[in-house]
Amino acid sequence: MSLTADPPACTVPAAGGTSTHKLVNGGADKLIFKIKSSNNNEYRITPVFGFIDPSGSKDVTITRTAGAPKEDKLVIHFANAPADATDAQAAFAAVTPAGTVTIPMSATA
């Protein structure tokens, strides 16, 4: 079970902007994920919960609103998805995360 982010870091203007990242499932099992941000005031993440098929990928959009330049991070918790799961948010509550991926975020002036 493995999950990677491409690109592995995010740099956006402090005045606001977006960055798109691809979460890639390198394993043979369907994964479920939840994304947490160290700064929910200035960043919006879409989607927060989701599934990634075996050897598949999912695009994640990071949107930054205007604010002071600073360093933040996203932490993506993931686990094997329950076989019958259809609602990622509800299903994630029932699993124990098996790993994490961290995306450092930098807002530059």
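Q: Which residues does L3 touch, not counting residues up to four places away in sequence?
A: Contact means heavy atoms within 4.5 Å. By that criterion L3 touches L23, V24, N25, L31, I52, I76, F78 and V101. This is a predicted model, in which local features need pLDDT of at least 70 and side-chain atom pairs count only at pLDDT 80 or more, whereas totals for chains, interfaces and linings use all residues. Residues are numbered from 1 along each chain as its sequence is written, and side-chain values use heavy atoms, with hydrogens and water left out.

Q: Which residues touch the most other members of the largest nonpolar core?
A: A nonpolar core is a set of buried Ala, Val, Leu, Ile, Met, Phe, Trp, Tyr and Cys residues joined through side-chain atoms within 4.5 Å. Buried means under 20% relative accessible area, exposed over 50%, and partly exposed in between, with a 1.4 Å probe and protein chains only. The largest core has 21 residues, and L3, L23 and I76 touch the most other members. Among the elements that give it two or more residues are β1, β5 and β8 (71-80); the largest share, four residues, comes from β9. A second, separate core of nine residues includes I32, A85, F92 and V95.

Q: How is strand order read, and what is the order in the open sheet of four strands?
A: Strands of a sheet pair through backbone hydrogen bonds, either parallel or antiparallel. Strands (E, at least two residues) and helices (H or I, at least four) are DSSP runs, numbered from the N terminus; two strands pair if DSSP finds at least two bridges between them. Here the order is β1-β3-β7-β5, with antiparallel pairing. β1 (3-6) and β5 (43-46) each have a single partner strand, so one side of each lacks a neighbour in the sheet.

Q: How many bridges join β1 to β3?
A: Four bridges connect β1 with β3 (residues 17-25), and the two run antiparallel. A5 has L23 as its bridge partner in β3.

Q: Is G50 buried or exposed?
A: G50 has 6% relative accessibility and therefore counts as buried. G50 lies in strand β6 (residues 49-52) and touches L31, I32, F33 and A88, not counting residues up to four places away in sequence. The C-alpha atoms of G50 and A91 are separated by 9.7 Å, with the two residues 41 apart along the chain.
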